[in-house]
Amino acid sequence: MPKVTIDNKTYDVAEGRNLLEAILDNKLELPYFCWHPELGSVGSCRLCAVKQYRDEDDKQGRLVTSCMMPATDGARISIADPEAAEFRRSVIEWLMINHPHDCPVCDEGGECHLQDMTVMTGHAHRRYRGRKRTFTNQNLGPFIHHEMNRCIQCYRCVRFYREYAGGEDLGVFASKNHVYFGRFEEGALELPFAGNLVEVCPTGVFTDKTLHRHFTRKWDLQSAPSICTHCGLGCNTLPASRYGTLRRVTSRYNSEVNGYWLCDRGRFGYEYVNGNDRLLAPASRTDDGAPDDWETSTAAIAGILSEARANGTLAAVGSPRASLESNFVLREIVGAERFNPGLADEERRIVTRFLEFLESTSVRCASLRDANSVDVALVLGADVTSEAPLLDLAMTQACRNAGCRLTLTSLRRGRLSKFAADDLHLDPDQAARFGAAIVATLRGTPEPPEALRDSLPPGTHDRVRDTAAALSAARRPLVIAGTSARHRGVLEAAIQVAQALVSTSGGSKEPLVSLALPEPNTLGVTMLDAGEGPSLENLLSAIESGKVSTLIVCENDLFRRSGNPERLANALAKLETLIVLDQLETSTVEGADWTLPVAAAAESSGTFVSSEGRAQRYFQVKAAAGEARTSWRVLRDLLVDSQQEGSEAALEWTATHHVTAALAAAHSSLRQVVEIAPPGDFRLLQQRIPRLSIRSSGRNAMPDMTDVRQHVQPPEDTDTPFAFSMEGYQGRGPTSLLPRYWSPGWNSSEAVNRFQIEVGGPLHGGDPGLRLIEPGDIRTGSDGAGLQTVSVAAVPTGKLEAVLMLCGISEVFGSEETSRRAPAVAESMPPAYMLLNPDTAVSLGVVEDGRYDLRFGIDEEMRELSLTVRIDETLPIHVAGLPAGYPETAWWQAPCWATVEITGQVEQREPEKEQP
Amino acid sequence: MLTPEERVELDEMRSHYPTVRAASVSVLKWLQKHRGYLSDESMRDAADYLGLPVAELDGLATFYNLLFRQPVGERVICLCDSISCWMCGSDRIRRHIENRLAIRMGETSADGRFTLVPVVCLGNCDHAPSMIVGDELFHDLTPEKVDQILGLEDTGSHGGDHD
Ligand code: SF4
Ligand code: SF4
Ligand code: FES
Ligand code: FES
């Protein structure tokens with residue numbers, strides 16, 4: 001280990017670090033701008049200058065930029081040297097010449113790296129009296145605000161946007177003191193990771209536009225560690241609130257998961273929590289005159305539940321977006337065989353199969369960190385960018401840095417295509433067959449069965465051969481499948497490719513696999529259910545036949561799961577009682593007899609299991625909206641009040657960790673979830689950890705904009721070790737309990753370097769979360785000799801140009817349920833469409849952007865709706881793409897052949913002006 | 001949109017470069033030569049032709065002094081504003097040109113004949129002050145010499161050389 005002498009003290013430094021990293025790793029202070037652990041050194045700001053000495057006798061030394069110099073053994077440097085300190089001070093002075101000094105009106109103020117570095121260098125006196133250069137700002141869309149005058153030319157933004165993330169529409173223009181960072185022309189930034197500019201830019205050039213609409217300084221924000229709910233990757237977040245509204249979400253560092261980043265869906269999707277369509281109070285449809293408060297509702301519902309249970313007509317549907325705790329208590333109410341986990345049936349089969357596989361294989365389920373460094377990757381039937389956004393960013397790193405050879409099979413060209421060695425545009429059926437052909441090749445059946453080959457477009461065979469060869473030669477190959485295609489064959493093929501890699505390499509390879517999951521707890525609820533509950537199909541039949549007449553649904557819109565809205569609506573109408581717990585108005589809530597408002601993730605505490613199999617705890621950030629309560633609490637009261645047998649234990653469940661412990665004891669696959677974070681009664685020096693910063697100007701009086709007396713007691717909190725206050729333990733707790741990154745002198749997000757063992761590496765005390773499924777030693781596993789691909793039913797007869805395969809197109813903005821209710825995300829969402837290949841459009845006689853009345857015929861059923869036609873020349877000609885997760889397409893779930901008829905064209909009218 | 005003829009010529013030029021990035025400045029220069037300046041549309045044409053993001057190309061176009069993103073006059077006067085010329089009185093020359101043409105640095109004369117822009121050191125410091133007009137380098141500039149170069153001897157005085 002190299003030793004470096006810094007200001008006459010000797011420090012150990014890890015191999016391969018530069019001097020700046022060596023300094024920061026040892027928690028010494030040195031200002032910097034342009035260097036970033038993920039973006040590397042470019043030596044453009046010169047702020048990190050130190051004195052370096054040849055040896056002990058060198059008293060002169062020379063100034064060096066520490067981020068550009070390797071920390072070699074025996075290096076001698078000085079941070080404190082007066083010349084170096086003066087140099088750094090002047091660097092800031094030069095940079096501040098053109099800076100507008102507008103901190104009071106700048107959203108970055110109070111968490112600005114430029115402020116921190118200015119203070120650190122001691123530049124306190126402005127001598128420049130001349131004119132400043134000014135710029136015109138651009139409107140960069142609904143997420144990011146642009147204020148170029150504040151720029152200090154560190155180039156971090158373009159290095160992140162272009163080099164790191166592969167974006168193309170942010171550039172750097174002009175030269176000298178006119179350097180401008182922006183777009184060629186005004187318009188929304190195209191990169192779905194653009195929100196990271198807010199944290200990457202050390203000044204207030206790029207700031208969060210959603211925060212701006214309800215701005216609060218960082219020091220007045222109340223925050224707690226949380227988990228993103230907008231896909232299955234489980235990125236760690238820090239949502240922050242004030243006066244009862246959620247104000248923003250920033251990234252919470254986790255070196256195993258999201259690192260420094262978040263995607264824009266995760267960062268800007270939070271505003272649904274503040275929405276007008278939040279359910280605020282319990283409501284019943286029965287007009288019995290009784291008040292709909294919690295007490296009467298709970299009592300009434302408990303009565304209904306115990307009766308229904310007694311005559312065996314009770315069932316429940318859980319949710320992949322609800323916590324393990326809520327799903328567990330719900331399952332306790334109705335029993336395992338009457339609990340449906342709330343996934344669409346096909347999706348549940350896919351996830352169950354994936355879990356079975358993980359539990360019986362030596363293949364590792366990839367973390368995002370793993371994915372960053374794979375050398376060969378195969379994506380089967382998934383659009384990684386929209387299904388698992390940060391996995392796209394990780395694959396981008398693999399391709400840029402690890403020379404990863406990427407084969408993509410998805411419906412059309414996407415963001416990752418430019419990195420791909422092979423980019424095939426296939427329907428999910430073909431993607432599955434492509435995977436199967438690779439398995440055959442890997443296993444030494446060089447000619448894949450004819451049936452397989454014939455169904456693939458010409459020329460695909462070479463791609464099969466090349467991909468198989470690359471996979472065989474790989475050190476760490478990764479196979480990715482998706483669930484939004486709703487096609488089991490795709491996952492089956494992915495599993496078999498991974499398995500074939502294990503068995504043909506004699507166990508010498510360590511293949512990785514990943515399944516993109518759409519919701520935060522898809523894996524968790526499937527583990528809890530363990531395949532014991534009824535399918536949605538069986539549940540619906542039971543309702544139709546009257547076997548089930550009381551249904552309780554927790555945080556789930558069944559219309560997103562069923563694929564047959566009329567049948568579902570009829571079945572729900574047939575129920576005697578439908579009880580729905582949710583945050584937002586949904587189609588399911590509309591038909592409910594009882595609606596119970598429940599807390600969003602940022603308003604409650606619980607456990608999610610991410611698509612990596614990582615159990616992660618999230619903690620309540622703010623009080624729940626209106627009268628909403630945490631789901632598991634509502635369900636516990638129902639469990640207790642309905643006098644369920646064995647419900648005595650539930651009497652003791654007064655805090656989340658009691659439920660967590662109960663579910664860990666009941667499910668061996670989940671037994672470790674108690675270990676992932678300290679329980680709610682955890683204290684440090686008998687104190688709670690404050691959710692507010694020590695500098696909070698709200699002090700203890702929360703509604704101080706009207707009155708400084710404290711009327712409102714902070715909510716009682718047995719679930720977390722946090723306090724709704726700025727008072728409490730001021731030291732550093734365990735990493736799973738970090739409510740913000742702050743250290744004296746470090747007010748910006750850069751403060752995280754004070755929490756890492758080595759800058760850019762794991763956190764002191766370990767990254768939070770725990771992987772529940774680690775690969776076993778099984779080296780062979782099922783050989784899967786028969787290539788079981790599951791295929792979409794055969795083409796119905798009819799005119800070919802009118803028979804198309806309907807496939808779901810997953811959208812980064814729009815396909816996910818809750819984020820689409822956030823205004824900024826809604827603005828970025830394309831309106832519902834039908835996507836066609838240009839040739840298909842010609843044969844159907846439709847043109848791009850035209851709006852048409854369409855009739856889809858699936859089997860005997862007809863669906864009519866109007867959609868805008870969009871064109872993509874990379875889409876296979878036999879496919880019609882429909883946006884997944886849109887209410888307009890809720891009538892349809894999995895890929896299927898359908899007749900498509902154009903029955904008319906919709907006049908495009910100017911929106912009429914409203915009469916005054 | 002590039003015409004087929006334009007494409008033929010650009011293809012010829014591009015074949016001399018190992019990569020599209022290497023060819024990009026030449027493509028921009030060529031377009032400027034034929035279209036007078038680089039309009040937004042020309043920038044998009046170049047981006048389409050080269051298969052590079054337009055933001056990246058615009059980074060080049062705005063970086064180089066001799067690539068113009070706005071319409072310019074028939075003759076572009078690039079007056080050196082670096083140190084040697086400054087010491088030898090380039091400011092005086094600038095003011096003279098500005099007054100004679102009734103424009104400021106960066107502007108085009110009303111009759112559309114001249115555009116005045118600054119340029120960095122032309123490597124001609126021993127004959128400072130220097131400037132380029134069109135493709136030609138001029139040095140040891142005096143107000144009289146400038147008038148002569150620009151063909152302004154007979155246009156009378158617009159106010160002459162005062163501060
Ligand atoms: S905009 Fe921000 S990140 Fe980009 S160069 Fe300027 S200060 Fe740096
Ligand atoms: S990648 Fe998924 S988990 Fe991560 S921020 Fe985006 S939506 Fe959230
Ligand atoms: S941080 Fe080292 S030069 Fe900018
Ligand atoms: S400074 Fe003008 S030519 Fe060198």
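Of the 13 residues around ligand 2, those that come nearest are A:Cys228, A:Cys231, A:Cys235, A:Cys263 and A:Gly266; a residue is near a molecule if its C-beta atom, placed from the backbone, lies within 6 Å of it. Helices here are DSSP runs of H or I with at least four residues, strands are runs of E with at least two, and both are numbered from the N terminus. By class, the shell of ligand 2 holds eight nonpolar, four polar and one charged residues. In this scheme Ala, Val, Leu, Ile, Met, Phe, Trp, Tyr, Cys and Pro are nonpolar, Asp, Glu, Lys and Arg are charged, and the others, Gly among them, are polar.

The model is a predicted one, in which local features need pLDDT of at least 70 and side-chain atom pairs count only at pLDDT 80 or more, while totals for chains, interfaces and linings use all residues. Residues are numbered from 1 along each chain as its sequence is written, and chains are lettered from A and ligands numbered from 1 in the order in which they are written.

Ligand 1 has its own surroundings, which include A:Cys151, A:Cys154, A:Cys157 and A:Cys201, along with A:Tyr155, A:Arg156 and A:Phe181. Its shell comprises nine nonpolar, two polar and one charged residues.

Now to chain A as a whole. It contains 27 helices and 36 strands, and its C-alpha atoms fill a box of roughly 90 × 70 × 70 Å along the principal axes. A compact globule of 916 residues would have a radius of gyration near 29 Å, and chain A agrees with its 29 Å; the radius is taken over C-alpha atoms, and the globule rule is 2.2 Å times the number of residues to the power 0.38. Buried residues make up 54% of the 916 in the chain. A residue is buried if 20 or more other C-beta atoms, placed from the backbone, lie within 10 Å of its own, exposed if 12 or fewer do, and partly exposed in between.

Chain A is divided into five parts: domain 1 (3-96), domain 2 (98-274), domain 3 (283-341 + 533-615 + 622-677), domain 4 (347-518) and domain 5 (800-905), with bounds from an automatic or database domain assignment.

The largest nonpolar core has 248 residues, of which A:Ala377, A:Leu380 and A:Ala494 touch the most other members. Such a core is a set of buried Ala, Val, Leu, Ile, Met, Phe, Trp, Tyr and Cys residues joined through C-beta atoms within 7 Å. Helix H17 (residues 488-504) of chain A gives the largest share, ten residues. Beyond its neighbours within four places in sequence, A:Leu380 is in contact with residues including A:Thr409, A:Val479 and A:Ala494.

Two backbone details complete the picture. A:Asn8, in the loop between strand E1 (3-6) and strand E2 (9-12) of chain A, has a positive phi of about 70 degrees although it is not a glycine. A:Asn8 counts as exposed because it has 9 C-beta neighbours inside 10 Å. In chain B, a cis peptide bond with omega of about -10 degrees joins B:Ala128 and B:Pro129.

Technical notes:
Two residues are in contact if their C-beta atoms, placed from the backbone, lie within 7 Å.
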